Amino acid sequence: VQTATDSAASSSTGSGLGALGGLGGSTGASGLSSLGLPSIGGNTTSNAAGVLQYCVQNNYLNAASAGGIKDQLLGKVGLGGAQAQQDAGYQQGASGLLQGSDGSSFSLDKIKSNVREKACSYVLDNAKSLL
């Protein structure tokens with residue numbers, strides 16, 4: 001179920017969804033493409049790391065696989081443990097707010113948990129490309 005805000009986000013960020021084609025195969029890709037997940041780029045590295053932290057804390061991603069990527073992302077932008085906690089992008093991500101490279105944002109808390117897991121996988125897959 002989309003709200004008016006979700007629909008607006010979907011229309012403004014639809015171009016960033018090219019990577020979703022292989023996510024979840026035929027069972028979930030069509031549902032994800034309608035969500036309007038923003039594309040992740042180099043200017044959103046600390047936010048992507050925060051989203052990975054959110055996903056691990058909420059058991060949507062395995063800590064062993066996502067934790068290493070998160071740490072590598074933080075290292076790439078020069079943010080250690082305490083520094084990351086003070087970074088606005090990281091904080092927003094850790095609270096479940098995904099920032100797109102085009103300035104759009106998407107709250108993972110607004111979607112069902114089974115779709116949230118797929119969204120977390122989307123972030124993890126795209127975060128790997130930032131390394």
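**Helix H7 and its two packing partners**

Good morning. I begin with a contact between two helices: Ala48, Val51, Leu52, Tyr54 and Cys55 in H3 meet Arg116, Cys120, Val123, Leu124 and Ala127 in H7. Sorted by class, this contact of H3 with H7 comprises nine nonpolar residues, no polar residues and one charged residue. Please bear in mind that the model is predicted.

Let me turn to the geometry of this pair. Helix H3, residues 45-57, packs against H7 at an angle of about 140°, and the two axes lie 10 Å apart. The crossing of H3 past H7 is left-handed.

On the H4 side, the contact is made by Ser65, Ala66, Ile69 and Leu73; on the H7 side, by Leu124, Ala127 and Lys128. By class, the contact of H4 with H7 has five nonpolar residues, one polar and one charged.

Finally, H7 itself. How far should its 16 residues span? At 1.5 Å a residue, helix H7, residues 113-128, should span 22 Å, and its end C-alpha atoms are 23 Å apart, which agrees. The buried residues of H7 are Arg116, Ala119, Cys120, Tyr122, Val123, Leu124, Asn126 and Ala127. Among the residues of H7 that meet H3 are Arg116 and Cys120, and both of these are buried.

Thank you for your attention.

Key: Residues numbered from 1 in each chain as written. Predicted model: local features only at pLDDT ≥ 70, side-chain atom pairs only at ≥ 80, totals over all residues. Heavy atoms only, no water. Helix = DSSP H or I, 4+ residues; strand = E, 2+ residues; numbered from the N terminus. Expected span 1.5 Å × (residues − 1). Buried < 20%, exposed > 50% of the residue type's maximum accessible area, 1.4 Å probe, protein only. Axes fitted to C-alpha atoms, helices over the stretch in contact; angles between N-to-C directions. Left-handed = near helix turned anticlockwise from the far one by under 90°. Contact = heavy atoms within 4.5 Å. Nonpolar A, V, L, I, M, F, W, Y, C, P; charged D, E, K, R; others polar.
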